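Hi,

My notes follow just below it.

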Amino acid sequence: MRITRRTLLMGAGVGAVSVLLASCTPDPEPTASPTPTREPQPQPGVPEPADRLRSSWTTDPFSYGAVSFTPVGVLAETRSQLARPVVDRVFFAGEATDADEPGTMRGAIRSGARAADEVEDLAEAGERIAVIGAGLAGATVAARLAAADMQVTVFEARDRIGGRVHSVVDDSWPMPVQLGAWLFGEGDEDLRQRMEAWEIGVVDLPDAQWHGPEGDIEPVDSAPLQAAITAAQAAPADISLADALIEAGGDPEDPSTAALLAALATTAGADAAQLSSWFPPALPAAALTGARDDLTPLVEDALDGVEVSLSSPISRLAYDDSGVSVRLGTGEALSFDRVVVTVPLGVLQEQDLEFDPPLPFVNRTAIGALGMGRIETIWLRFDEAFWDSQAAIWHTVGADVGIRTWINLRPATGENILVGIVGGAAAEEFADLDDTEALESAMESLAVYAS
């Protein structure tokens, strides 16, 4: 049997991507930054880039953040409570509903497969199913249910599909700019091999450089943080990662430890003071693989033959034991037998999608208990490289800068491209900057790497 991209999304056992993956609702289409109202302040040794592009998940009204996280004191089972179907008519999918790998590509895909199983157990062939969101979870649900001879309609708020798989193809860039999930770790080998088989190019990012005020330093060891987590998990009550470190004799304010926690925030979306030590995110990987080509076909092919309505935000879902009424932002209402909701947790928390009647207490409690994290990315392309480092991943230690983690694509691609990633409170601060201020922050953060 030929493996297709649709096959990937219809299955649940694929690799995880431990970076910014909201359930399904796409980010606003980015454009090249407009001409600044003032020139950015120059930084020693760092020229102004020829092109730049940044994400805006924190301020996006269709996501209100990047990835879900488990706050201190919240049980992993809370995600299963969020996923609980309502009167066998309303179902939930998306990375926030996956108890094992929230915030990952695998979590989103697996949640879609789970929701499809739940619908298939109850529905008959020919039923009309609405899927809210055309990201990984929504595409997985839609592909599975369409293959089961159901009439599936996917509603997507934005004018594109893909959700957190967001590859921006622009002639001014030598490769797609990835503003969504594009970095893969050890657990993603299966997905990486499939991408390579389908000629979706990847680049290896094999090594990390830790750079302090006096120059390069030894890589920061994550073993003490893991030991602190292990000790905290044996305690009778959950505490934050920051408190777990303190109880284990560590200091979250130590420059090396703070740099490690900042790197963790770029995948978790939250700071150590917010994160549960009982249910922590995966620690930063020493080596990564990145996508070099457009990742949109992973979703596009799964939706082949499925009715997809773009630019169609949903404002209200009215349901009872006989069916669901789906009201679009235009006021038009359509009737379906069942609906699968895959919008990001942030949208549910902001109550921009109205449920009539309100969701049961168990679902609402779960929505309120979970956290929606912040992660932002900025891509910079330079005419000439101003750095000598051949390391693929940079972590800044000890410097008071806005962006501490960078991906250097020059060794792998030959292109003078640097990708800054920031998470947690730092991402929220970065999102509040205008384009000129964001560029200044990035250039200031890069000054320590100027040769």
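The lining of the largest cavity is made up of nine nonpolar residues, two polar and no charged (Ala, Val, Leu, Ile, Met, Phe, Trp, Tyr, Cys and Pro count as nonpolar, Asp, Glu, Lys and Arg as charged, and the others, Gly among them, as polar). This cavity has a volume of about 40 Å³, and L82, A93, T97, V343 and L348 lie nearest its centre among the 11 lining residues. The structure holds one cavity of 30 Å³ or more.

A word on conventions: this is a predicted model, in which local features need pLDDT of at least 70 and side-chain atom pairs count only at pLDDT 80 or more, while totals for chains, interfaces and linings use all residues. Residues are numbered from 1 along each chain as its sequence is written, and side-chain values use heavy atoms, with hydrogens and water left out.

For the voids, a 1 Å grid over the protein atoms alone was used: a cavity is a set of points where a 1.4 Å probe fits but cannot get out, a pocket is an open set with protein on both sides within 12 Å along at least five of seven lines, and lining residues have an atom within 4 Å of a point. Grid points are joined across faces, edges and corners, and a volume is the space filled by probe spheres set on the points.

The largest pocket holds about 610 Å³ of space. Its lining counts 26 residues, with A258, A262, D271, R404 and A426 closest to the centre. Two or more lining residues come from each of α8 (255-268), β23 and α13 (425-431) (helices are DSSP runs of H or I, at least four residues, and strands of E, at least two, numbered from the N terminus). The most come from α8, with six residues.

There are 12 salt bridges in the whole structure (a side-chain nitrogen of Lys or Arg within 4 Å of a carboxyl oxygen of Asp or Glu). In one of them, D435 pairs with R54, with the closest N and O atoms 3.0 Å apart. Since D435 is in helix α14 (residues 435-446) and R54 in strand β1 (residues 51-54), the pair ties together parts 381 residues apart in sequence. R54 is buried at a relative accessible area of 14%, whereas D435 is partly exposed at 25% (buried means under 20%, exposed over 50%, partly exposed in between, with a 1.4 Å probe and protein chains only). Elsewhere, D51, R381 and D383 are linked in a salt-bridge network.

Best wishes
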